[in-house]
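This report is meant for a reader who is meeting the structure for the first time.

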Amino acid sequence: MKLSTKARYGLRAFIDLAVYSENGPVSLTMISKRQDISVSYLEQLVARLKRAGLVKSVRGANGGYELTRPVKEYTVGEVLRALEEELVSVDCVAVNGKADLHCVGSKNCLSRIVWEKINDSINETVDNIYIGELLEQNKTNKQEGEES
């Protein structure tokens with residue numbers, strides 16, 4: 001499965017926001033500089049995250065964006081789904097009813113079982129990776145690197 005640029009950049013932006021929002025709202029300009037993603041593209045990505053209820057905007061001189069819940073509660077899966085409609089390896093197994101209409105005999109297709117198992121594995125994996133755990137792992141790796 002290949003994730004879109006939207007998913008890859010959006011996850012990077014979300015993780016950046018998770019790291020830096022501990023000190024208050026984070027501006028898109030700062031995320032843009034750290035992640036090398038244009039502000040206009042970040043606006044599109046953050047709008048999706050906001051619609052999904054994962055982030056909120058804060059107005060004012062020190063405004064920006066922050067998480068709506070504690071970081072430890074977010075999974076990679078929910079972030080990716082906010083950015084993508086679905087996480088599927090092939091269209092014929094799309095959950096939301098957008099199955100590939102051009103697929104002849106998709107209901108009787110034996111290879112469909114393979115794609116369904118792959119999708120299940122992908123979704124189970126990303127739903128068990130917590131953003132908070134990634135941040136903790138990163139802190140541990142940095143500390144271990146400093147001790148060497």
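## A residue in a loop

In this predicted model, Asp 36 is found in the loop that connects helix H2 (28–35) with helix H3. Although Asp 36 is not a glycine, its phi is positive, at about 55°. The relative accessible area of Asp 36 is 69%, so the residue counts as exposed, the cut-off for that class being over 50%.

## The chain and its confidence

The chain is built from 6 helices and 2 strands, and read from the N terminus on, these elements follow the order α-α-α-β-β-α-α-α. Of the 148 residues in the chain, 34% are buried.

Because the model is predicted, the confidence values deserve a look before the details. The mean pLDDT of the chain is 87, and 87% of the residues reach 70 or more. Confidence is highest in H3, with a mean of 97, and lowest in helix H6 (residues 131–147), with a mean of 85.

## Aromatic pairs

How many aromatic pairs does the model contain? The count comes to 2 aromatic pairs. In one of them, the ring centres of Tyr 9 and Tyr 41 are 6.0 Å apart and the ring planes stand at 80°, so the pair is edge-to-face, since an angle over 60 degrees is what that class requires. Tyr 9 belongs to helix H1 (residues 5–20) and Tyr 41 to helix H3 (residues 39–51), so this pair ties together parts that lie 32 residues apart in sequence.

Phe 14 lies in helix H1, whereas Tyr 74 lies in the loop between strand E2 (64–67) and helix H4 (76–83), so the pair ties together parts that are 60 residues apart in sequence. Phe 14 and Tyr 74 are both buried.

## Arginines over the rings

Two of the tyrosines named above also have an arginine over the ring. Arg 12 lies over the face of Tyr 9, at 4.9 Å from the ring centre, and Arg 69 lies over the face of Tyr 74, at 4.2 Å from the ring centre.

Strand E1 (residues 55–58) and strand E2 run antiparallel and are joined by 4 bridges. Val 58 stands opposite Gly 64, which is in E2. The hairpin of E1 and E2 has 5 residues between the strands, and in this hairpin Gly 60 takes a positive phi near 115°.

In a regular strand, side chains alternate between the two faces of the sheet. Are the faces of E2 covered or open? Both are covered: Gly 64 and Glu 66 on one side are buried, and so are Tyr 65 and Leu 67 on the other.

## Helix residues and their distances to other parts

Leu 17 lies in helix H1 and counts as buried, at 4% relative accessibility.

Ala 47 has its place in helix H3 and counts as partly exposed, at 33% relative accessibility. Between Ala 47 and Ser 57 there are 9.7 Å in space, C-alpha to C-alpha, and the two are 10 residues apart in sequence.

## Helix H6

Helix H6 has 17 residues and reaches 25 Å from its first C-alpha to its last, which is close to the 24 Å expected at 1.5 Å a residue. Its buried residues are Ile 131, Gly 132 and Leu 135. Seen down the axis of H6, these buried residues fall within an arc of 110°, so they line one face of the helix. H6 is also the helix where confidence is lowest, at a mean of 85.

Note on methods: Residues are numbered from 1 along each chain as its sequence is written. Side-chain values use heavy atoms; hydrogens and water are left out. Rings of Phe, Tyr and Trp (its six-membered ring) pair if their centres lie within 6.5 Å; planes under 30 degrees apart count as stacked, over 60 as edge-to-face and the rest as tilted. Buried means under 20% relative accessible area, exposed over 50%, partly exposed in between (1.4 Å probe, protein chains only). A charge sits over a ring if NZ of Lys or CZ of Arg is within 6 Å of the ring centre and within 35 degrees of the ring normal. pLDDT is the predictor's confidence in each residue, from 0 to 100. Two strands pair if DSSP finds at least two bridges between them. The expected span of a helix is 1.5 Å times one less than its number of residues. The arc is that of the directions from the helix axis to the C-beta atoms.
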